[in-house]
Amino acid sequence: MTRGPYDDAMLAALKEAAKAAAEGDVPVGAVILDPSGAIVGRGHNRREAAHDPTAHAEVVAMRDAAAQQETWRLDGHTLVVTLEPCAMCAGAILQARVARLVFGAWDQKAGAVGSRWDLVRDARAGASVEVIAGVLEVECAAPLTTFFKHRRD
C-alpha cells in the first residue's frame with residue numbers, strides 16, 4: 001500500500017480521536033500542521049467533557065495552534081481531521097484562514113465540505129480552501145461506526 005503525504009498526520013489525528021472516545025465523546029480528532037509540516041495544534045471532541053457545544057476537534061485544534069503560534073491567523077496551515085467538518089467548523093476554518101483541509105471519513109448527515117454543503121469552497125465566502133478528502137477513510141470511519149453502534153445497542 002502506498003503511503004500518502006498526510007497519512008502520518010492523520011494517524012496523529014486518530015490518536016486524538018481515541019482520546020475523545022475515552023472521554024465518552026464522538027471519536028473525532030484533529031491536528032494542525034504549520035507550513036513546514038510540523039504539528040502545532042492538536043484537538044479532539046470535548047463537547048461532553050467541557051460542556052461546550054463548540055468544542056469540536058477542529059475548533060479545539062485551531063485554538064491550540066493559534067495559542068502556540070500566538071496569532072489567530074493560520075495562513076499556510078493545514079488542518080487534518082478524521083471526519084468531514086460540519087458547518088460551524090467550516091466557518092471557523094474560513095475565519096482562521098486555514099489554507100488546506102485534509103479529512104478522512106465523509107459525514108453524509110452534517111458534512112459541510114462536499115457531502116451536504118461545500119462551504120469552504122463557496123465563492124460567496126470570499127476564500128477558497130484546498131480540500132483533500134478520504135485520507136485513511138476506512139481507518140477514520142471505523143471508530144465512528146463502533147461508537148454509534150454501541151450507543152444504539
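A salt bridge is defined here as a side-chain nitrogen of Lys or Arg within 4 Å of a carboxyl oxygen of Asp or Glu. D8 and R3 form such a pair, with the closest N and O atoms 2.2 Å apart. The model is a predicted one: local features need pLDDT of at least 70, side-chain atom pairs count only at pLDDT 80 or more, and totals for chains, interfaces and linings use all residues. Residues are numbered from 1 along each chain as its sequence is written, and side-chain values use heavy atoms, with hydrogens and water left out.

The chain contains five helices and five strands. These elements are DSSP runs, numbered from the N terminus (helices: H or I, at least four residues; strands: E, at least two). Along the sequence they follow the pattern α-β-β-α-α-β-α-β-β-α. The radius of gyration, taken over C-alpha atoms, is compared with a globule rule of 2.2 Å times the number of residues to the power 0.38. For 153 residues, a compact globule would have a value near 15 Å; the chain has 14 Å, which agrees. The C-alpha trace spans about 45 × 35 × 30 Å along its principal axes.

Burial was assigned from relative accessible area (buried under 20%, exposed over 50%, partly exposed in between; 1.4 Å probe, protein chains only). Buried residues account for 46% of the 153 residues. Accessible areas come from the Shrake-Rupley method with a 1.4 Å probe; for residues, only the protein chains shown count as cover. The accessible surface of the chain is about 7,800 Å², and carbon and sulfur atoms hold 52% of it. A contact means heavy atoms within 4.5 Å. Of the contacts between residues at least 6 apart in sequence, 54% join residues at least 24 apart.

Charges were counted next. Lys and Arg count as positive and Asp and Glu as negative; His and the chain ends are not counted. The place of a charge is NZ of Lys, CZ of Arg, CG of Asp or CD of Glu. The chain carries 17 positive and 20 negative side chains, and the centres of the two sets lie 3 Å apart.

Eight salt bridges are found in total. In the D8 and R3 pair, both residues are exposed. A second bridge joins D25 and R47, at 3.7 Å from N to O. D25 lies in the loop between α1 (7-22) and β1 (29-33) and R47 in helix α2 (residues 47-50), so the pair ties together parts that are 22 residues apart in sequence. D25 is buried, at 2% relative accessible area. R47 is partly exposed, at 30%. A further bridge links D122 to R124, with the closest N and O atoms 2.5 Å apart. D122 is buried, with a relative accessible area of 18%, whereas R124 is exposed at 76%.

D34 presents another case. This residue sits in the loop between β1 and β2 (39-44). D34 is buried yet has no salt bridge, and the nearest side chain of opposite charge, R100, is 9.6 Å away. Leaving aside residues up to four places away in sequence, D34 touches V40, G76 and H77.

A20 belongs to helix α1. A20 is buried, with a relative accessibility of 0%. Beyond four places in sequence, A20 touches residues including D25, V26 and P27, as well as H44 and N45. A20 and A57 are 37 residues apart in sequence, and their C-alpha atoms are 8.7 Å apart.

Helix α4 (residues 87-96) has C89, A90, I93, L94 and A96 among its buried residues. The buried residues of α4 pack against α3, β3 and β4 (100-105). R97 follows α4 and has a positive phi, near 65 degrees.

Backbone angles complete the description. Most residues other than glycine have a negative phi. H51 is not a glycine but has a positive phi of about 50 degrees. H51 lies in the loop between α2 and α3 (57-69) and is exposed, at 71% relative accessibility. E70 also has a positive phi, near 60 degrees. E70 is placed in the loop between α3 and β3 (78-83). Its relative accessibility is 74%, and E70 counts as exposed.
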